[in-house]
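Morning, everyone. I have one structure for you today, and I'll keep it brisk. Have a look first.

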Amino acid sequence: MTGKVVRGLFHRPFVRCNYFWTTRLGAVSGYHESALELLRAGHWCAVIPGGAEEFLLHTTQDHAYDVHWMAHSGKQRTGVGELALSMGPGFCIYPSFTENGEEMRWNPLVDLWTALRLDQVYSALMKSVPKGILEWMLWQIAIHVAAIVVFAAIPVPVKATLHIGDPVVVKEGDSAQSLTTRIQQQLQHLIDSTMNRRHRSFTEGIRARARTVKDTKAKAG
């Protein structure tokens with residue numbers, strides 16, 4: 001599997017609205033069939049099983065590293081489990097995350113939004129409207145505005161480390177829900193055992209970077 005470019009599966013409407021630059025970065029619309037075709041062709045596929053809901057949750061201070069795979073409808077997201085089951089028993093899923101990934105940038109607009117509790121107000125608004133086109137429109141507005149606002153972020157010099165956990169292997173008798181739950185639990189365990197926190201902390205990220213720089217200079221000297 002070496003030498004293969006990782007293909008990222010993105011929120012489908014987001015790819016359609018930003019087709020020009022997302023596809024040039026290797027993004028693929030997050031359809032089950034697209035992922036299955038890539039996997040069977042021997043490619044690695046990177047997915048965010050929590051989707052836009054998890055992305056929006058991670059903009060908050062206290063839940064930056066919570067693994068949240070629940071759709072806004074209240075149902076568990078099981079797409080990653082269904083995809084893995086399609087590959088058959090023995091297929092491996094590797095949970096991974098970037099330590100201090102949420103601290104790599106600071107977005108004053110997002111922090112102001114959450115500080116004023118406007119995220120909670122908007123969430124309550126979406127839950128209060130009946131199911132249908134209005135709810136869908138409010139949800140799409142949230143997704144696309146959040147995706148655009150992230151470009152206003154300011155880079156922060158933290159130490160970012162990619163961690164890849166032990167594989168979760170598809171077994172005979174697995175269901176999409178049971179497999180998804182195992183993947184989710186193993187990813188959360190990887191995060192908790194590595195970072196010992198779930199909140200965002202710029203101080204800890206910068207300190208980790210400073211320690212690394214200091215150690216590197218000491219070894220060079």
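A word on naming: helices here are DSSP runs of H or I, at least four residues long, numbered from the N terminus. And keep in mind that this is a predicted model.

Start with a loop. Ser73 sits between helix H4, residues 51-57, and H5. Now look across to Lys131. Along the sequence, Ser73 and Lys131 are 58 residues apart. In space, their C-alpha atoms are 9.2 Å apart.

H5 covers residues 79-87, and H3 covers residues 32-40. Their axes come within 10 Å and cross at roughly 40°. H3 is therefore oblique to H5. The crossing is right-handed. Which residues make the contact? From H3, we have His32, Ala35, Leu36, Leu39 and Arg40. From H5, we have Glu82, Leu83, Ser86 and Met87. By type, that contact has five nonpolar residues, two polar and two charged.

Last stop, H8. This helix runs over residues 133-149, 17 residues in total. What span should we expect? At 1.5 Å a residue, H8 should span 24 Å. Its end C-alpha atoms are 24 Å apart, so the two agree.

Which residues of H8 are buried? The list is Glu135, Leu138, Trp139, Gln140, Ala142, Ile143, His144, Ala146 and Ala147. As background, an α-helix has 3.6 residues a turn, so residues three or four places apart point the same way. Keep that in mind when you look at the buried positions in H8, Leu138 and Ala142 among them.

Methods:
Residues are numbered from 1 along each chain as its sequence is written. This is a predicted model: local features need pLDDT of at least 70, side-chain atom pairs count only at pLDDT 80 or more; totals for chains, interfaces and linings use all residues. Side-chain values use heavy atoms; hydrogens and water are left out. Axes are lines fitted to C-alpha atoms, for helices over the stretch in contact, and angles run from 0 to 180 degrees between N-to-C directions. Helices (H or I, at least four residues) and strands (E, at least two) are DSSP runs, numbered from the N terminus. Angles under 35 degrees count as roughly parallel, over 145 as roughly antiparallel, 65 to 115 as roughly perpendicular and the rest as oblique. A crossing is left-handed if the near helix is turned anticlockwise from the far one by less than a right angle, and right-handed if clockwise. Contact means heavy atoms within 4.5 Å. Ala, Val, Leu, Ile, Met, Phe, Trp, Tyr, Cys and Pro count as nonpolar, Asp, Glu, Lys and Arg as charged, and the others, Gly among them, as polar. The expected span of a helix is 1.5 Å times one less than its number of residues. Buried means under 20% relative accessible area, exposed over 50%, partly exposed in between (1.4 Å probe, protein chains only).
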